[in-house]
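Me: Could you take a close look at charge pairing in this one for me? After that, please walk me through the surroundings at whatever length you need.

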Amino acid sequence: RESSTLTLTFAPSTVDDFSDVLTISTNDPDIPQFTLNLIGSAISEDDITPIADARALSFGTRVTIAGRITVANEFSGPSFLQDNTAGIAVFWNPFHEAVQRGDSVIVTGPLTEFNPIGGTPGDFTTQIAEYQGDNDISFEVINTAPVEVDPAIISLAEMNSGNYEGQLITVQGLSFDESGAFQGGTNYPISDFSGSGELRIDNDVADLVNASIPQEVLEITGVVGEFNGTYQLIPRDNSDLEVEVFETIGDDIPKDQTF
């Protein structure tokens, strides 16, 4: 038996739904030919696609989405936004630097995933970002008053279902399974009545790094990311995860009065 790889390119010239049949002939007397039923949908970049629909498209597909910012530049990328259907990340430095929480935005660019290192495609945070050389990403911040998004109140089991990736959530009745101090770029096990999960402290959230890990039951707000198939609750600052901010002794002394 022999095998070969065949690449099919879908390049429609009009916006529509398409279907066709691919027939492959073989020299196998038992299976002289077989057919594949093909379907595809072409969307226009000029039309705004609901985020839930955009998330279901293949990587590399160019889409235009709209929503409210939930994470601006707190993580130094990616940012996050959501509409009334779902949430998604955007990794594009000019975008991070131009938005603030609650902004109404429109973004156009290719779909991909964040930092897929050594894992299975599709097991990382879905985002709009540069994809295989396509760096044509544009955005507009609508000239209207910011309106901050209210987080969905859910359990860890619901977070782990994957239905809330990219969205702002609050989980109540949480406890940490470790003690000590938070370190940046580190994941921490957490639990609630529904089971266990993972919380990540981003390197760039300065008021959480080196703060003491709470030992009491509390509620935590954050955006839901995914890394290598594991969903993570990522707080944006000390208002999402109230802890005593770590301060280095002497930080209040002006630098011109120190060695």
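Reply: Happy to! A salt bridge here is a side-chain nitrogen of Lys or Arg within 4 Å of a carboxyl oxygen of Asp or Glu. The model is a predicted one, in which local features need pLDDT of at least 70 and side-chain atom pairs count only at pLDDT 80 or more, while totals for chains, interfaces and linings use all residues. Residues are numbered from 1 along each chain as its sequence is written, and side-chain values use heavy atoms, with hydrogens and water left out.

With that in place, the whole structure holds 6 salt bridges. Among them is the one between Asp134 and Arg62, at 3.0 Å from N to O. This pair ties together distant parts of the chain: Asp134 belongs to the loop between strand 7 (126-128) and strand 8 (138-141), Arg62 belongs to strand 3 (residues 62-71), and 72 residues separate them. Helices (H or I, at least four residues) and strands (E, at least two) are DSSP runs, numbered from the N terminus.

Arg62 has another partner, Asp136, with the closest N and O atoms 3.5 Å apart. This pair also links distant parts of the chain, since Asp136 is in the loop between strand 7 and strand 8, 74 residues from Arg62 in strand 3. Put together, Arg62, Asp134 and Asp136 make up a network of salt bridges.

How covered are these three? Buried means under 20% relative accessible area, exposed means over 50%, and partly exposed is in between (1.4 Å probe, protein chains only). Arg62 has a relative accessible area of 18%, so it is buried. Asp134, at 22%, is partly exposed, and Asp136, at 47%, is partly exposed as well.

A further salt bridge joins Arg101 and Asp237, at 2.7 Å from N to O.

Glu226, in strand 13 (residues 218-227), is buried yet has no salt bridge, and the nearest side chain of opposite charge, Arg55, is 5.8 Å away. Contact means heavy atoms within 4.5 Å. Setting aside neighbours within four places in sequence, Glu226 is in contact with Gly122, Asp123, Phe124, Thr125, Glu165 and Tyr231.

Val171 sits in strand 10 (residues 168-176) and is buried, with a relative accessible area of 0%. Not counting residues up to four places away in sequence, its contacts include Leu218, Glu219 and Ile220, along with Asp192.

Strand 10 and strand 11 (residues 186-192) pair in the antiparallel sense over 2 bridges; two strands pair if DSSP finds at least two bridges between them. Phe176 stands opposite Ile190 in strand 11. Strand 11 in turn pairs with strand 12 (residues 195-201), again antiparallel, over 7 bridges. These two strands form a hairpin with 2 residues between them, and Asp192 has Gly195 in strand 12 as its bridge partner.

Rings of Phe, Tyr and Trp (its six-membered ring) pair if their centres lie within 6.5 Å; planes under 30 degrees apart count as stacked, over 60 as edge-to-face and the rest as tilted. The whole structure has 5 aromatic pairs. Phe176 and Phe182 have ring centres 5.5 Å apart and planes at 65°, so they pair edge-to-face. Phe182 and Tyr188 are also edge-to-face, because their planes are at 80°, with centres 5.2 Å apart.

For the overall setting, the chain has 3 helices and 14 strands, and 38% of its 259 residues count as buried.

How values were computed:
Lys, Arg positive; Asp, Glu negative; His and termini not counted.
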